[in-house]
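User: I have a two-chain file open and would like to go through it. Can you take my questions as they come?

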Amino acid sequence: MLRRRLNRWLGRDERRVDSRSICVGHRSSSNNEAFIPPKFCDNRIVSSKYTVWNFLPKNLFEQFRRIANFYFLIIFLVQVIVDTPTSPVTSGLPLFFVITVTAIKQGYEDWLRHKADNEVNKYPVTVLEQGRRVRKESEKIKVGDVLEVDEDETFPCDLILLQSSRDDDTCFVTTASLDGESNHKTHYTVPDTEKDLESLNATIECEQPQPDLYKFVGRMHIYKTDQEPAVRSLGPENLLLKGSTLKNTQTICGVAIYTGMETKMALNYQGKSQKRSAVEKSINAFLLVYLCILVSKALVCTTLKYVWQNKPGQDEPWYNEKTQREKDTNLYLKMFTDFLSFMVLFNFIIPVSMYVTVEMQKFLGSFFITWDKDFFDPEIKEGALVNTSDLNEELGQVEYVFTDKTGTLTQNNMEFIECCIDGFQYKYQDAGTDLDGFCVTDGPVNKVQHKAGREKEELFLRALCLCHTVQVKESPEQGQGQGQRDGLMDQVDGLGADGLGTDGEGLHPPPQEQRGFIASSPDEVALVKGAMRYGFTFLGFESKTMKILTRDNDVERYELLHVLNFDPVRRRMSVIVRSKSGDTLLFCKGADSSIFPRVRQEEVERIRMNVERNATEGYRTLCVAYKYLNAEEYAQADAGLREARLALQDREEKLMAVYNQVETGMSLIGATAVEDRLQEEAAETMEALQGAGMKVWVLTGDKMETAKSTCYACRLFQRNTELLELTVRTLEDGGRRREERLHELLLEYYKKAVQDAPPVKAGVTRAWSSANHDYGFIIDGATLSMVLNSSSESNSSRYKNLFLQICQNCTSVLCCRMAPLQKAQIVKMVKNSKGSPITLSIGDGANDVSMILEAHVGIGIKGKEGRQAVRNSDYAIPKLKHLKKLLLAHGHLYYVRIAHLVQYFFYKNLCFILPQFLYQFFCGYSQQPLYDAAYLTMYNICFTSMPILAYSLLEQHICMEVLLDNATLYRGIAKNGMLQWGPFFYWTLLGVFHGLLFFFGVRYLFGNPALQDNGQVFGNWSYGTIVFTVLVFTVTLKLALDTRHWTWINHFVIWGSLAFYVFFSFFWGGIIWPFLKQQRLYFVFANMLSSVSAWLVIILLILLSLLPEILLVVFRKPRGPHTGQMKPVHSSAGGHQSPRSSARPLLMRTFSDESNTVI
Amino acid sequence: MMASSYNAKEEDANHPGAANHAGAGVVKSKKPDNTAFKQQRLPAWQPILTAGTVLPAFFVIGLIFIPIGIGLYVTSNNIKEFEIDYTGANIDNPCYDCAKNFSWNSTAQCVCAVTFTLEQPFESNVFMYYGLSNFYQNHRRYVKSRDDSQLNGDRSALMRPSKECEPYRTGEGSPIAPCGAIANSLFNDTLQLYHIDSNGTLNEIPLVKKGIAWWTDKHVKFRNPGGNNNLTVAFQGTSKPVNWKKPVFELDPEDPENNGFINEDFIVWMRTAALPTFRKLYRIIQKKPSTTPTLPSGKYVLNVTYNYPVLSFDGRKRMILSTISWMGGKNPFLGIAYITVGSICFFLGVVLLIIHHKYDNRNNSADIPN
């Protein structure tokens, strides 16, 4: 024994990295052996980023890592160090403002995180220590502590379940806060742990913490006096995760194995990778252009300055001598500092405020999505959810839509439609038509007999009743108030009565709602309910026994021996049960493709026909098979399963192997068809998306026939659509090697779809509109992997290319039989294809998470398959139909708004700085600023920032109804249309024109600076103030001209900004400011207004600047009839609730295949 | 609460809180507020610019601008302006000698007389300007070289001028008042105007030196240290700017309201010009009470005390006589600009009208108020 332990120790040492060992309750396994408890981290959760001490340096470091902030910091430092024309305050103040606001925001968020952490860390927990219950703070929990957790409490760390107050040694748990699945999951205690935890002497050996929520392997060694240590395997079903909540169970005891930052929840805590929108890329490109303009301006000025200074008498006339320091400075150093000075003088061309405004626009703008009541779904009582506001405008740029089928296009609201038993079709109509609720609509033609044998029928229904993981819902009063057993019994009785009523008296079945089933997949519920309608009622579990009520009102009990869980690779599940009579039966249900090869072939043909017919009708089909296991077979299977479950390594693979071994040689009983109804307005939505020029790809794990019929139902495929199929079936047709056939088909389709198709015009008119012949493309997972991972390198890339080109020329593409990762692969492939189109993925289930994360924009549907998709999405909407408004109205508007915002910002700063640049030619290239420092600072912060912000939040150049009605409008802004170089060039030109006009207009006015009627003259600050006044008015009015949607806010902000400018100028010039070194603007503005000429020139220049704009607007105006009228809606303010908090979920990225959907 | 199974969910939705007590009462609806703002349905005015709207606007602008332009142009043309260069760059200029022999150290004053003829009489008030060319008063080093607190009468700033004044901050060990390059280069030519009447006698024309600076500058921005009495004491401990002949408190010894920092010539100079070619108001020639013109046509002599060298930096000096209208001095630019813009608008109006009539028969009312 000692030796064995030694081996284990050595073994542990070798694999130190991948396993840890824990003493339950810190009781050393052996008294005479010195046991050194390994160090584990404590149970403190730290999600906060900063502490009081490191906040300032760390936060500043984080902030200045942003390139823009860093640039402004450099400019500021240059201003501090070098003698520059503007004081450091002009750029320091805005930068300080931005940095401070961001720091405060991040500090506040971090404070919230601290608070949340504390709440978790200080939460009192009960620890069992030497038989006593000790209350402790959660953060004091150490690995190995035995904890007691009560109902509705969350687990403070990852626990191994040792003891449950339930009789069947199980407990129920919801993981709603972990992965969003609100269903109850059953967890099991470790078998053979003693009821008295005090005397339990055990060690647990388990893998090192890893983030996968659904994987866990471990082993428990239980030491009993005078006995060999018992070894029990531990799996995910024994592990209670931190963050999940105990339900339906009074108390449990468990031992802590992972604590604090090593819990699976904490390991899963990580930010999503940042998605960047196309607009942001455009901004960066424009920035680069402006940076070039800036540098070249500074270079030109520096060069000209030295050329000019070389003329005699200009460098240092007698009236303007240099200081001693200037004279001493090295010429080249002076040139360099001059260059820097010019840079500083012109740096306003790249404004800090643009970043702030863009951020604010995105942040505030996203509220309109959450606020939209059209996205409110009364059924789930929730509206849309915005997880990131960075991608608002991307919603207006989508070119490819990848959609999941189940739960997205369809409702995932399963209804049992019909079944086929032994080749005979049974359709459930109404309870009254046939005595036992069965109605044979049509059977195989060549059969005389219209029904399958009663024996077969019952076997089939028993299979439906037994082969699942459904649980009967316990009503809450009973579950909480009384003892577990009573509650269960009560319910069973109640159900029994219902069953009697149905069958015995031929009455209508009781309302479905009365019978609550808990399952992880709606298919299972549908099947169990289906069986119920035919008279076989599943009554629930009683420890390991399943009870069913037969048609004859007998309660049959089956001992559940094994559940061979569903997984998406096998695509089937099985149960092994032992009936009262002692027969051991295996029931298996699964997708036809996974069942057919495992049953006797002669049975297949009869059923295959039905299955295929059902699939074409859009139903989800499952086949049911069974086999008898004799004692020997069972013993073998049992041993295999147990052994595999105990395996510490490669448990999955081993289990899979055993499963495959057991599930062979079955006989097929029948098939079921479950209808998954289309989502509301699914077809209309799809049509609208296609009308908007988007290509819709359906990526589903479902089988081809089902998916195809859904596509037809959604009008993705029309009657005249020519389908190009590239599936395993078509590949096998030729009778040749698959590779060759694939090659051949690809070429053939390529010829058809790409070469023969009329040349597709780029840009606005896309294939959908130009090609009068529509193609639809169908590919399945197996073929796709052949295309993508072809045997030879060269072929692979070539196939991929061909495939892409074919797909791009098809209206819609259907990819069926996809694994989740393949979905992501497809999205990635399209994303990275030529022209890098903007992709959008929409899905509702865990299997869509990968593609949601992969696409530019990920949309989650708040459907029934848990919430992982929602958690990982960028936007979440309750229904598919909301996608139409989200893209066509919101996306379109956001894009137009932000595109205009960006262009306008560059424009207004160009015409702000250009006069300053031109002034250098008149002031001896001395870096003399044209405007006063206050104007330089305030221009972007106060005078011109609010109108554009209001515009970018409220503008509706076309009102929403029109946008929704005319999907084609969406094409107008496709391909980042408003931020291409063309429009950018136009805006730049406009800025240059305005800048030139402002400067030279005033320049000619100042040909005679005696502008007042008392003969007094104006100086340089008056010059600058006139230019600035024209500038502020022009850029604001330019925006006013662009505004198509004047709400009171727009009015207020536009006219308010102008009034504020006038007021500020009076105020600023009206006082001798004690803190200013120079009173440059003292009464300059008032004097300017007293001059008629100044008034006249201001009016003239504003008008002249806007004239071409007005003309363009007139000429450019589309003759279209739209731009309808928005009627004010006087709402009957029925809202009760503020929008949901935008707090991010702790778990940002989980992927689960727990959701037990039979695809 | 067991909000878990699919059926349960629907049930809860239909009868909130009916079946289970745990959820009762706390039914939180997340339904968004149905307010106009949140639904982006604020009542809005949606102007649409069409030819229909813009057309009248163009005509209106044209019809307003052209008369204004004509008015401006006529006004500008009616302003009488006379300008004479007295730099002495050329040998035939009377001031050539003075310009050539200029030296900062000479104590003797060089006076030159420039004669000129006014073809037309100047009515009403006539304003006398001096103009400088190629003089960069807007050079950054120059513009900032001043201390406004010193000029505002601040005593501490008087004794410790701002560093911006370098290299004109201290002289001979004591602070310079007023400090800085602008003050140092104060224009100090003295101009006197004589009318030669028909019998050849010179009549000095009285030049008023008040009212040439902005009122706010004279009364608020510029203040003498310690009030206006006894400036000699107030400025004790300071030295005069290097290029000045006399200290600041002797700028106008006769008039204490025009002496020291509040000397109007000084204030005018301190308002730095916008462009390297500029003019500054020097004196005002008041209108005579009688009907005779202020400056009748005829011959005049301008007596220049030549103190201000400009040739070293290729500058020019001018004397300008000008009358003033409501729009200020003579400047045809505004008038021409207005006429041009007005005509363009009118022309565009016509073009648009033609286009409108030819191609667009729809009668769109443009601004649809809500």
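Predicted model: local features only at pLDDT ≥ 70, side-chain atom pairs only at ≥ 80, totals over all residues.

User: Where does UniProt put the active site?
Analyst: The unreviewed UniProt entry places the feature "active site" at Asp404(A). UniProt positions are given in the numbering used here, feature names are shortened, and annotations may be inferred rather than shown by experiment.

User: Is Asp404(A) buried or exposed?
Analyst: Asp404(A) is buried, with a relative accessible area of 2%. Buried means under 20% relative accessible area, exposed means over 50%, and partly exposed is in between (1.4 Å probe, protein chains only).

User: Where is Asp404(A) in the fold, and what does it touch?
Analyst: Asp404(A) is in the loop between strand E15 (400–403) and helix H12 (405–409) of chain A. Helices (H or I, at least four residues) and strands (E, at least two) are DSSP runs, numbered from the N terminus. Leaving out residues up to four places away in sequence, Asp404(A) touches Leu409(A), Leu699(A), Lys823(A), Ile842(A), Gly843(A), Asp844(A), Asp848(A) and Met851(A). Contact means heavy atoms within 4.5 Å.

User: How is chain A split into domains?
Analyst: The assignment for chain A gives domain 1 (15–19 + 141–268), domain 2 (352–370 + 888–1115), domain 3 (371–410 + 680–757 + 773–887) and domain 4 (414–431 + 454–474 + 514–675). The contact between domain 2 and domain 3 of chain A takes 26 residues from each of the two. The C-alpha centres of domain 2 of chain A and domain 3 of chain A are 45 Å apart. Domain bounds come from an automatic or database domain assignment.

User: Switching to salt bridges. How many does the structure hold?
Analyst: Over all chains, the structure holds 51 salt bridges. A salt bridge is a side-chain nitrogen of Lys or Arg within 4 Å of a carboxyl oxygen of Asp or Glu.

User: What does Asp338(A) pair with?
Analyst: Asp338(A) forms a salt bridge with Lys305(A), and the closest N and O atoms are 3.2 Å apart. Asp338(A) lies in helix H9 (residues 331–346) of chain A and Lys305(A) in helix H7 (residues 278–309) of chain A, so the pair ties together parts that are 33 residues apart in sequence. Asp338(A) is buried at 9% relative accessibility, and Lys305(A) is buried at 7%.

User: And Arg613(A)? What is its partner?
Analyst: Arg613(A) forms a salt bridge with Glu418(A), with the closest N and O atoms 3.5 Å apart. The pair ties together parts that are 195 residues apart in sequence, because Arg613(A) lies in helix H18 (residues 601–616) of chain A and Glu418(A) in strand E16 (residues 410–421) of chain A. Arg613(A) is partly exposed at 29% relative accessibility, whereas Glu418(A) is buried at 0%.

User: Which residues are linked in a network of salt bridges?
Analyst: Such a network links Asp42(A), Arg44(A), Lys122(A), Glu137(A), Glu139(A) and Lys140(A).

User: Now chain B. How many helices and strands are there?
Analyst: Chain B has eleven helices and ten strands. Of its 370 residues, 53% count as buried.

User: Which residues of chain B does UniProt mark as "transmembrane region"?
Analyst: The unreviewed UniProt entry places that feature at residues 48–74 and 333–355 of chain B. Residues 48–74 of chain B are 89% helix and 0% strand, with the end C-alpha atoms 39 Å apart. Residues 333–355 of chain B are 100% helix and 0% strand, and the end C-alpha atoms there are 32 Å apart.

User: What separates Gly71(B) and Tyr338(B)?
Analyst: The C-alpha atoms of Gly71(B) and Tyr338(B) are separated by 9.6 Å, and the two are 267 residues apart along the chain. Gly71(B) is in helix H2 (residues 51–78) of chain B and is partly exposed at 29% relative accessibility.

User: How is chain B divided?
Analyst: Chain B is divided into domain 1 (52–79 + 330–356) and domain 2 (82–324). The C-alpha centres of domain 1 of chain B and domain 2 of chain B lie 40 Å apart.

How values were computed. Residues numbered from 1 in each chain as written. Chains lettered and ligands numbered in written order. Heavy atoms only, no water.
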